[in-house]
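This report goes through one protein model, starting with its sheet and ending with the helices packed around it. Please look at the structure before reading on.

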Amino acid sequence: MSVSGPAIEISALNKWYDDYHALKDIDLQVAHGERIVICGPSGSGKSTLIRCVNSLEQHNSGKIVVDGIEMRDAASINVIRSEVGMVFQQFNLFPHLTILQNLTLGPMKARGLSKADAEARAMKYLERVRIPDQAHKKPSGLSGGQQQRVAIARSLCMEPKIMLFDEPTSALDPEMISEVLDVIVDLAESGMTMICVTHEMGFARRAADRMIFMDHGEIIERGTPEQFFDAPKTERCKLFLSQILHH
């Protein structure tokens with residue numbers, strides 16, 4: 001069900017790990033069709049934040065509303081998870097299944113699709129990520145970049161309204177990064193609502209509507225890619241950009 005209002009609304013969100021305050025009073029709204037890139041140093045809370053959005057991490061206080069549904073209990077979490085796709089650093093493919101089987105499993109089990117319909121959908125999304133010819137191979141027969149594209153296609157097979165990417169290229173060899181980012185840019189251009197945690201700043205400039213910079217569990221700065229890269233407001237952000245852009 002689609003509702004007016006933001007696709008994702010996070011307010012006064014806090015997350016603790018014992019004594020460690022991982023997220024501090026996070027407020028963030030993401031509009032339908034908006035593409036957000038979250039960046040920041042290691043340990044700044046970026047991955048924790050997006051993992052809270054589909055309840056892979058439980059927040060301690062504050063509110064998360066996804067597509068009009070507030071995350072409260074198991075029932076609401078299940079509905080939210082069915083609308084939110086997630087792609088991780090690791091591809092998490094089943095090694096003993098073919099690519100096609102990896103892609104059809106979720107739609108058949110969770111969405112009740114027939115095998116034929118699930119396979120048709122899987123092939124559609126393998127075309128979308130540009131590897132339909134790999135459908136009958138096992139994951140071990142594919143490069144890391146191809147496996148990550150399969151992981152993206154697998155999420156798309158559930159036809160989510162929102163996609164979350166948690167450093168989707170950090171486990172890849174440098175020459176494979178652009179093939180995965182190109183696929184994500186294509187998705188972004190199709191109007192998919194997405195939040196991507198990444199260090200790939202060239203990609204962020206190309207794909208993001210809005211940049212979010214986090215440090216020590218807080219959102220320090222937010223703005224358009226132009227503002228963010230060309231005129232960062234905070235010293236902390238300037239320092240981060242000087243380090244990451246001049247590697």
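The sections below describe a predicted model.

## The sheet

Six strands make up an open sheet with mixed pairing, in the order E6-E7-E8-E3-E9-E10. E6 and strand E10 (218–223) are its edge strands, each pairing on one side only. On average, neighbouring strands of this sheet are turned by 20 degrees against each other, direction ignored.

Ile212 has Arg222 in E10 as its bridge partner.

## Strand E6

In a regular strand, side chains alternate between the two faces of the sheet. Strand E6 (residues 84–87) is covered on both faces: Val84 and Met86 are buried on one side, and Gly85 and Val87 are buried on the other.

## Helices on the sheet

H5 packs on the sheet and touches E6 and E7, and its direction makes about 170 degrees with that of E6. Helix H9 (residues 235–245) lies across strand E3 (35–39), E9 and E10, and runs at about 100 degrees to E9.

## Helices H5 and H6

The axes of helix H5 (residues 144–156) and helix H6 (residues 174–189) cross at roughly 20 degrees and come within 8 Å. The two helices are therefore roughly parallel to each other. The crossing of H5 past H6 is right-handed.

Residues of H5 in this contact include Gly144, Arg149, Ile152 and Leu156, while those of H6 include Met176, Glu179 and Leu187. By class, the contact has seven nonpolar, four polar and two charged residues.

Methods: Residues are numbered from 1 along each chain as its sequence is written. This is a predicted model: local features need pLDDT of at least 70, side-chain atom pairs count only at pLDDT 80 or more; totals for chains, interfaces and linings use all residues. Side-chain values use heavy atoms; hydrogens and water are left out. Axes are lines fitted to C-alpha atoms, for helices over the stretch in contact, and angles run from 0 to 180 degrees between N-to-C directions. Helices (H or I, at least four residues) and strands (E, at least two) are DSSP runs, numbered from the N terminus. Angles under 35 degrees count as roughly parallel, over 145 as roughly antiparallel, 65 to 115 as roughly perpendicular and the rest as oblique. A crossing is left-handed if the near helix is turned anticlockwise from the far one by less than a right angle, and right-handed if clockwise. Contact means heavy atoms within 4.5 Å. Ala, Val, Leu, Ile, Met, Phe, Trp, Tyr, Cys and Pro count as nonpolar, Asp, Glu, Lys and Arg as charged, and the others, Gly among them, as polar. Buried means under 20% relative accessible area, exposed over 50%, partly exposed in between (1.4 Å probe, protein chains only). Two strands pair if DSSP finds at least two bridges between them.
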